[in-house]
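Work through the exercises below with the sequence and the model at hand. Each task is followed by a solution in steps.

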Amino acid sequence: MRNDITRILAATALGIALSGTAFADPVEDSLVVETDDGAIELVTSAPAPDHLKDAVDTIWSGWHYREAETRDLQRDDFDNPGMVFVDRGLDAWNKEMGAKGESCAGCHEGPDSMKGLRAVTPRVDAATGELMIMEDYINECVTERMGLEAWGTTSDKMKDMLALISMQSRGEIVNVAIDGPAASFWEKGKEIYHTRFGQLEMGCVNCHQDQAGQMIRADHLSQGQLSGFPVYRLKDAGLVSAQQRFVGCVRDTRAETFKAGSPEFKALELYVASRGNGLAIEGVGVRH
Ligand code: HEC
Ligand code: HEC
């Protein structure tokens with residue numbers, strides 16, 4: 001009882017009063033994007049993957065929970081404010097910035113050599129047995145193959161590169177592995193997802209599964225999917241990566257947070273990504 005009251009007080013103080021809030025279904029809509037190469041339709045809802053079937057019927061991209069004006073920005077690359085960052089990523093890709101003048105392009109040729117990677121990441125590196133998020137792959141090249149200082153996990157240049165690489169898999173269906181060498185990381189991520197944090201004593205599952213569809217003030221709670229990441233956030237006027245979003249969500253429960261790029265949040269990213277197995281990678285999504 002006392003705990004409940006503490007939770008409600010904390011929730012109210014944050015403006016997150018979950019009881020008595022309104023429910024709204026994800027908007028019925030489909031996402032066809034005008035690109036330089038013609039229009040493509042993205043899979044933004046799908047039957048839940050097997051591991052989630054007991055709890056959830058249908059998985060939905062966060063795009064379905066946003067307002068019409070926000071959804072519209074993602075229908076045409078010309079209107080999508082995230083594309084500026086993809087262009088910046090391409091400039092960096094081609095730039096001879098390594099200690100000996102190496103460039104990403106020098107070894108990998110075009111960014112399209114990364115096609116498909118985003119849809120299967122995070123994944124366990126076969127050689128080392130380590131769980132790799134995209135940032136790890138990039139930093140491995142930046143440090144070991146270009147002789148540079150590692151890029152900050154949530155730095156602008158890192159996020160520009162995430163956007164560029166993510167775009168190469170646009171339309172591909174998320175299919176991260178959760179078995180074999182990934183299983184132990186996946187279990188760890190699953191546990192974190194179901195752990196209650198902070199004064200609100202809420203875990204990811206409480207908001208993004210139990211309360212998905214509820215309105216928190218003007219905010220329509222989504223399933224917290226990653227298929228749109230990195231996303232352009234109108235509120236921040238910039239890109240937000242999955243790792244950054246996790247920090248923000250945990251902070252909103254008034255908890256001490258794991259760091260972006262920590263083993264905990266990497267495992268969490270694998271688990272959250274696996275909840276979206278079946279959705280299309282959006283390249284760079286647009287959110288409010
Ligand atoms: C107190 C409720 C709450 C908790 C707990 C919470 N979130 Fe969120 N989260 C939100 C809100 C509100 C948003 C913004 C609206 C939306 O997309 O749901 C959001 C957005 C997100 C998004 C962006 C989805 C998109 O398509 O843009 C992701 C991913 C996410 N959360 C993951 C998590 C994870 C992982 C956890 C656990 C560490 C978590 N959240 C915990 C409230 C919460
Ligand atoms: C000196 C050559 C070299 C340079 C420069 C280089 N890479 Fe790599 N990169 C590699 C090699 C080798 C691998 C591992 C083998 C592979 O998968 O291609 C790799 C792997 C990767 C992977 C994982 C690919 C996969 O499919 O597993 C990513 C992502 C990546 N590099 C991004 C970059 C980015 C971004 C840059 C520029 C900032 C860069 N690389 C610069 C040689 C290089």
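**Exercise 1: two packed helices**

H9 and H10 pack with their axes 10 Å apart and at an angle of about 105 degrees. Axes are lines fitted to C-alpha atoms, for helices over the stretch in contact, and angles run from 0 to 180 degrees between N-to-C directions. Helices (H or I, at least four residues) and strands (E, at least two) are DSSP runs, numbered from the N terminus. The model is a predicted one, in which local features need pLDDT of at least 70 and side-chain atom pairs count only at pLDDT 80 or more, while totals for chains, interfaces and linings use all residues. Residues are numbered from 1 along each chain as its sequence is written, with chains lettered from A and ligands numbered from 1 in the order in which they are written.

Task: Classify the orientation of H9 and H10, and state which residues meet.

Solution. 
- Step 1. Angles under 35 degrees count as roughly parallel, over 145 as roughly antiparallel, 65 to 115 as roughly perpendicular and the rest as oblique.
- Step 2. H9 and H10 are therefore roughly perpendicular to each other.
- Step 3. From H9, Ala242, Gln243 and Phe246 meet Phe265, Leu268 and Glu269 of H10, where contact means C-beta atoms, placed from the backbone, within 7 Å.
- Step 4. The contact of H9 with H10 has four nonpolar, one polar and one charged residues. Ala, Val, Leu, Ile, Met, Phe, Trp, Tyr, Cys and Pro count as nonpolar, Asp, Glu, Lys and Arg as charged, and the others, Gly among them, as polar.

**Exercise 2: the shells of the ligands**

Task: State how many residues surround ligand 1 and which helix supplies the largest share.

Solution. 
- Step 1. Ligand 1 is surrounded by 27 residues, of which Gly62, Cys204, Cys207, Gly224 and Cys249 are the closest; the shell takes residues whose C-beta atom, placed from the backbone, lies within 6 Å.
- Step 2. Helix H8 (204–210), H9 and H10 each supply at least two residues, and H9 has the largest share with five residues.
- Step 3. The shell around ligand 1 divides into 15 nonpolar, eight polar and four charged residues.
- Step 4. Around ligand 2 there are 16 residues, the closest being Glu102, Cys104, Cys107, Tyr137 and Cys141. H5 gives the most to this shell, with five residues.

Note on methods: Two residues are in contact if their C-beta atoms, placed from the backbone, lie within 7 Å.
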